[in-house]
Amino acid sequence: MLRVNRTAALSLLIISSSVFLLFQLYYYRKYVSKTAPHVQSRTGQLTSSDLHLQTVRMFLALVRRYRLPVFLADTAALTLLSQDALQHRDWLVQDLHCKFLCTNRPIISFALLANAWKFDPGFLSAAEQKGFELLQLRGTDPRLASLDTLSGEEIPLHFLLRCHRYIIQVVFLYERSGNYLWHGPLRLKPNMDRSFAPFKMLDYGRHAGAYDRLELVLTVLDGLDVRVPRNVSRFLSEQQNSHFLECHYRDARNFLQVQLKTKLYPDDSSSAAVDFRRKAKSLLHLASQTLAELNIPFWLSSGTCLGWFRQCSIISYSHDVDIGIFITDFSSNIVTAFRDAGLSLKHKFGKVEDSLELSFMSDDVKLDIFFFYKDGDVIWNGGTQAKSGKKFKYIFPQFSLCWAELLDMKVRVPCETLDYVLANYGPSWSIPVMSWDWKSSPSNVQENGMWPPKEWVDVIQVY
């Protein structure tokens, strides 16, 4: 009888425990799992890495569910990945150890290929149901802006999702007409919570950015399926030099309207102006391709830079295209490469050590390549008068390079564009000058001595 009672008691205890466990499971699945991720830890204690990884896991589950075309764009995580790949380690990690996605920062960044995703508000609702707090940042679509149309519809630029004090940044990359990717700046509106995230720590948003189109690969990081750039090192290099400047279309349109009223500027719609812009675009595209093959960066200089800055276009009466290259990027293969591309060398002035300048012809449009030298706090390029051997120097303040768009092409310009233009053209840069003397008109020109006659054969070559 005692044995029967013990057996009955044990059975009752097992049944009671099972019912209690089933109730716990039901309660968790119905109430808890909807608002918080299930955290697994090897030690039984929740670590910051555990929370971080589970937050990313929850986000990526939403990404799969709503088919968001995202890839890992976090610079710290990609740096770890790049370093690991260089050391030939196995980075297809199959366990939950947070080796790449936990970077000791409260932020991780992903990029979304916006043209490949139709915006679905269901994603945002699902994220909130999973316990994410959301901050949306939108801005005007610059792809709709032009000299004719200044207004544009608003588009998503950044999503910030917060959970367990961790921030997931989603930066939207849009395709631009120059066959490149662009993201907008992150600008908080007055009514937005400035304590929502450590904004100064974000990888993206301090300024707009531009990137080449990239190839992605699917891999496994810390046990999670994640897409990453195939060439991680190249993407990281682009990210560091991605600063993009938008042309000021409103100022450009005002400039053209004033010039039309005062008739100080030639008709930009004439057949000659349209023909020159077509030829200049073709020449600039050819120069960009040729220099890219040599891995030589260049920027818009002189009148071509002024045209972009002042009127978002080429100055139709300039009859040439001007670009700048730092002498440290010079290659002895430049002349051969441009000749192979179908251009003819018009002249070569100076030498690599001093005042080098190259000019090429394509049909009736000239491409001027000015080489720039750093000298203490200034940067300068040289000029040479062929008939006299006189040397000239054009002084600029220090500048860095940014991306911009001109004639549907992604090109570089000096980031400090106004300072650059002011140095070259002075405070009256906004007033068109039809008669320009390269030896005396620029505000920053200085005489720089003479080439010794015995060097003329090498430093003054006209073809």
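Predicted model: local features only at pLDDT ≥ 70, side-chain atom pairs only at ≥ 80, totals over all residues.
Local features need pLDDT of at least 70, side-chain atom pairs count only at pLDDT 80 or more, and totals for chains, interfaces and linings use all residues. Residues are numbered from 1 along each chain as its sequence is written, and side-chain values use heavy atoms, with hydrogens and water left out.

**Stop 1: a helix pair**

Select residues 48-65 (helix 2) and 121-129 (helix 4). Helices here are DSSP runs (H or I, at least four residues), numbered from the N terminus. The two pack at about 150°, axes 10 Å apart. Axes are lines fitted to C-alpha atoms over the stretch in contact, and angles run from 0 to 180 degrees between N-to-C directions. Helix 2 is therefore roughly antiparallel to helix 4 (over 145 degrees).

Now show the side chains. Helix 2 contributes Phe 59, Leu 62 and Arg 65 to the contact; helix 4 contributes Phe 123, Ala 126 and Ala 127. Contact means heavy atoms within 4.5 Å.

**Stop 2: Ser 242**

Go to the loop between helix 5 (232-240) and helix 6 (249-262) and pick Ser 242. Its relative accessibility is 2%, so Ser 242 counts as buried (under 20% relative accessible area, 1.4 Å probe, protein chains only). A polar atom of the Ser 242 side chain lies 3.1 Å from the backbone oxygen of Gln 239. Beyond neighbours within four places in sequence, Ser 242 touches His 207, Ala 208, Gly 209, Ala 210, Tyr 211 and Trp 403.

**Stop 3: helix 8**

Select residues 302-311. Ten of the ten residues of helix 8 are buried, including Trp 308, Phe 309 and Arg 310. Step on to Cys 312, which follows helix 8 and has a positive phi, near 55°.

Terms used: Parallel < 35°, antiparallel > 145°, perpendicular 65-115°, else oblique. Buried < 20%, exposed > 50% of the residue type's maximum accessible area, 1.4 Å probe, protein only. Polar contact = N/O pair within 3.5 Å; in protein donor to acceptor, adjacent residues only side chain to side chain.
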